[in-house]
Amino acid sequence: MPSFDTVLEADLVKVKNAVENTSKEVGNRFDFKGTSASIELKDKDIILVGDGDFQIDQINDILRSKLAKAGVDVRFLDTGKIEKIGGDKVKQTNKVRNGIDTETAKKIQAAIKTSKLKVQAAIQEEKVRVTGAKRDDLQAAMALILSEMKDFPLSFDNRRD
């Protein structure tokens, strides 16, 4: 039976390179000299530290441009709140989304059910497997998923005939 998996996976190597390039640029820029501005990647969290909200916003802009250059969709970033960490320093933690959460998976499943396509969607851990009898139905399901879930950079893998 033909099937495919709907997944939400960022290329973590490209994300790591973008963070390293951002760190180099922050270290070299004149307006960041003598400040506590820094960026680092821990697991799937990108931690930004700066002297103020404006500085965090500047680092975020640099990071987003480096991610775009590397071909990573910026919708993978789940931006956190800016919080004070003592003195004048502030910190922000951006999470790199990886895997479809249960709520989003249920939305995908509901969209497929209401579409009247002759396919079935099953939630499997952090992905949604869609199966159907015909390839054309699966391609229509892919188009439907992409049009319904514009907030997420979803992709499809594990296609089988």
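Which strand holds aspartate 157? I looked it up in the model, which is predicted. Aspartate 157 lies in strand 8, residues 155-160.

Aspartate 157 has 32% relative accessibility, so I noted it as partly exposed.

Aspartate 157 gathers with Glu9, Glu125 and Glu126 in a patch of negative charge.

I turned to leucine 12. I found leucine 12 in helix 1, which covers residues 12-28. Its relative accessibility is 33%, so leucine 12 also goes down as partly exposed. I then compared leucine 12 with asparagine 98. In sequence, 86 residues separate leucine 12 and asparagine 98. In space, their C-alpha atoms are 9.3 Å apart.

Now the whole protein. I listed four helices and eight strands. Along the sequence, I wrote down the order β-α-β-β-α-β-β-α-β-β-α-β. The radius of gyration is 20 Å, while the globule rule gives 15 Å for 161 residues, so the protein is more spread out than a compact globule.

I also noted the box around the C-alpha atoms. Along the principal axes, the box is roughly 65 × 25 × 25 Å.

Last entry: how much of the protein is buried? I noted that 39% of the 161 residues count as buried.

How values were computed:
Residues are numbered from 1 along each chain as its sequence is written. This is a predicted model: local features need pLDDT of at least 70, side-chain atom pairs count only at pLDDT 80 or more; totals for chains, interfaces and linings use all residues. Side-chain values use heavy atoms; hydrogens and water are left out. Patches are made of residues with over 30% relative accessible area and no salt bridge: like charges are joined within 9 Å, nonpolar side chains (Val, Leu, Ile, Met, Phe, Trp, Tyr) within 5 Å. Accessible areas come from the Shrake-Rupley method with a 1.4 Å probe; for residues, only the protein chains shown count as cover. A salt bridge is a side-chain nitrogen of Lys or Arg within 4 Å of a carboxyl oxygen of Asp or Glu. Lys and Arg count as positive and Asp and Glu as negative; His and the chain ends are not counted. The place of a charge is taken as NZ of Lys, CZ of Arg, CG of Asp or CD of Glu. Helices (H or I, at least four residues) and strands (E, at least two) are DSSP runs, numbered from the N terminus. Buried means under 20% relative accessible area, exposed over 50%, partly exposed in between (1.4 Å probe, protein chains only). The radius of gyration is taken over C-alpha atoms; the globule rule is 2.2 Å times the number of residues to the power 0.38.
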